[in-house]
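Here is a quick tour of one chain and its ligand. Have the viewer open as you read.

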Amino acid sequence: MGPRGRLILIEGLDRTGKSTQAELLACELGSNSVLLKFPDRTTPVGQLIDDYLKNRHNPLPDQAIHLLFSANRWEAARRIESALFAGKHVILDRYVYSGAAYSCAKNVPGMDMKWCLDPERGLIKPDFTIFFMNNGHESEQRAGFGDERYETVQFQDRVKHTFLELFETWENASYRENNMRFLNVANKSITEVALEVKQIAEKCIRQGQDEILRF
Ligand code: Z5A
Ligand code: MG
């Protein structure tokens, strides 16, 4: 059996170009890669999530939608594992960190970070996470901002702080140092960001690692 594929996550703040770059990276890696976007709106669970995000008056409780986002990842868990063991690189567009950061930023009593992370325990952890950041409020100038439920400047500010708290307090230092990179994409063209992402991904692939990490 050949070496297993790498699990590479592109995470980050809203409208920072995650989907654009995840697609470009998957193209770059070609048929030896699989691209998965979360939420995956094509599954039955994903359709409930899509309704929730598009309909601001959907009465689903915060706890229930949080668990649906997590279930949407569990739906894909076996597919991810099989692809990795078949030697394919799996590129993720958002994942567990978005799940915890958006829900926790709602400040719902009882839904603290631990509560938000608990349903994710056991999911495969990315071999490498690239986190896209920008300066201030560039995201809201980008196409489509404001179309869905969480897309307000005020909420995005809270999400940004929650992401940082999540990495500083809940992620271990070794993962932060060796398996993560914060990438400032402010004022960079799509091509410039793509080149940086490609270099990071190639390094991760070269380094290799047999052991599967888990949340
Ligand atoms: N959510 C959650 O609550 N819990 C969870 O567990 C998960 C998600 C997984 C929908 O997610 C919502 O679900 C999201 C988080 C929450 N809520 N919010 N906010 P989604 O992933 O479906 O969200 P989206 O609608 O795809 O937006 P996005 O992911 O934030 O956008 P993006 O992928 O970062 O950006 P993009 O689509 O690649 O690019 C946006 C535009 O900018 C587009 O017109 C590009 O052409 C342009 N672009 C991209 N890069 C550049 C550069 N470098 N320069 C100039 N313009 C650029
Ligand atoms: Mg996206």
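## Ground rules

A residue counts as buried when 20 or more other C-beta atoms lie within 10 Å of its own, as exposed when there are 12 or fewer, and as partly exposed in between, with C-beta atoms placed from the backbone. Helices (H or I, at least four residues) and strands (E, at least two) are DSSP runs numbered from the N terminus.

This is a predicted model, so to speak of local features we need pLDDT of at least 70, and side-chain atom pairs count only at pLDDT 80 or more, while totals for chains, interfaces and linings use all residues. Residues are numbered from 1 along each chain as its sequence is written, with chains lettered from A and ligands numbered from 1 in the order in which they are written.

## The chain as a whole

The chain has eight helices and seven strands. Its radius of gyration, taken over C-alpha atoms, is 17 Å, which agrees with the value near 17 Å for a compact globule of 215 residues (the rule is 2.2 Å times the number of residues to the power 0.38). Of those 215 residues, 34% are buried.

## The sheet

Five strands make an open, parallel sheet in the order β2-β3-β1-β5-β6. At its edges stand β2 (33–37) and β6 (180–184), each with a single partner, so each has one side without a neighbour in the sheet. Strands pair here if DSSP finds at least two bridges between them.

Working through the pairs, β2 and β3 run parallel over five bridges, with Leu-35 partnered by Ile-91 in β3. β1 and β3 share four bridges, also parallel, and there Ile-10 has Asp-93 as its partner in β3.

## A covered strand

In a regular strand the side chains alternate between the two faces of the sheet. Look at β3 (residues 89–93), where five of the five residues are buried. His-89, Ile-91 and Asp-93 point one way, and Val-90 and Leu-92 the other.

## Around the ligand

Which residues are closest to ligand 1? They are Gly-17, Ser-19, Thr-20, Gly-99 and Tyr-102, out of 24 that surround ligand 1 (C-beta atom, placed from the backbone, within 6 Å). The elements giving two or more residues to this shell are α1 (18–29), α4 (96–104) and α8 (190–207).

By class, the shell has ten nonpolar, seven polar and seven charged residues. Nonpolar covers Ala, Val, Leu, Ile, Met, Phe, Trp, Tyr, Cys and Pro; charged covers Asp, Glu, Lys and Arg; the others, Gly among them, are polar.
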